Amino acid sequence: MIYPDKIIRSKRKTLAVCIDNLGAVIVRAPLRLSEDKIYAFLQEKEAWIRDKKAKKDAVGLALPPKCLDGYTFLLLGEPCKITLYEGKKIGFDKENGRLFLPQENAQARLLKWLKENAKRIFSTVAEQKAQEMGVHYQSVRISGAKTRWGTCSADNRLCFTFRLLYAPKRVIEYVIVHELSHVRHKNHSRRFWQEVEKYVPDWKERRKWLKERAILMEIF
């Protein structure tokens, strides 16, 4: 039997279930709908729910604990283990996937380091891809957004969440090409997707990587 982690009641007329980024079962139900009908609905959807939860679990990612020592997250698609120490500078051992993080203000220091590296890497990729595509953008900004990997404004200013830094470079390149394609096409029309595919033929596979790891939007 499937039990919901949360039931959200509102004036809606239909019953729906979804699995959030952390694998929790969220039910949205009409105000006066009985729990018997809710559980009958969950039983009917049990196979679908179990399949979705299994896919979330297979990703093998978890949110960081209060103490970051020993926590492993993805950095450019590769596992990176945090080691807290009493020093003052952040050290990164790329070969062994280790990040040495000062104990004092650890999370704040980590966020600053992630954003600085995101700005450097995304700016470099954006410049390279823009030249390849023959388009021009105004600037690259880094945000802490948790709902979108990237955006392109009406005046062609690019913005990317620093969390995109968790993805492999090939996935980062897809997101950046996606936003640069909006310089020419301010929509998701057929011509827009043709533009994306011209420079990233396997964009669907790269986008799938992000969709399957939606939990990355919650990390830090």
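1. Ground rules. This is a predicted model where local features need pLDDT of at least 70 and side-chain atom pairs count only at pLDDT 80 or more, while totals for chains, interfaces and linings use all residues. Residues are numbered from 1 along each chain as its sequence is written, and side-chain values use heavy atoms, with hydrogens and water left out.

2. Ile-121. Look for Ile-121 in helix H3, residues 106-133 (helices are DSSP runs of H or I, at least four residues, numbered from the N terminus). Ile-121 counts as buried because its relative accessibility is 16% (buried is under 20% relative accessible area, exposed over 50%, partly exposed in between, with a 1.4 Å probe and protein chains only). Beyond its neighbours within four places in sequence, Ile-121 is in contact with Leu-76 and Leu-165 (contact means heavy atoms within 4.5 Å).

3. The structure holds 12 salt bridges (a side-chain nitrogen of Lys or Arg within 4 Å of a carboxyl oxygen of Asp or Glu). One of them links Lys-112 to Glu-116, with the closest N and O atoms 2.5 Å apart. Both residues lie in helix H3, 4 residues apart, or about one turn.

4. A pair in H6. Lys-208 and Glu-212 meet in a salt bridge at 3.8 Å, N to O. They are about one helical turn apart because 4 residues separate them in helix H6, residues 203-212. Lys-208 is partly exposed at 49%, and so is Glu-212 at 38%.

5. The network. Salt bridges with shared partners join Arg-170, Glu-173, Asp-202, Glu-205 and Arg-206 into one network. Within it, Arg-206 pairs with Asp-202 at 2.8 Å between the closest N and O atoms.

Conventions. Helices (H or I, at least four residues) and strands (E, at least two) are DSSP runs, numbered from the N terminus.
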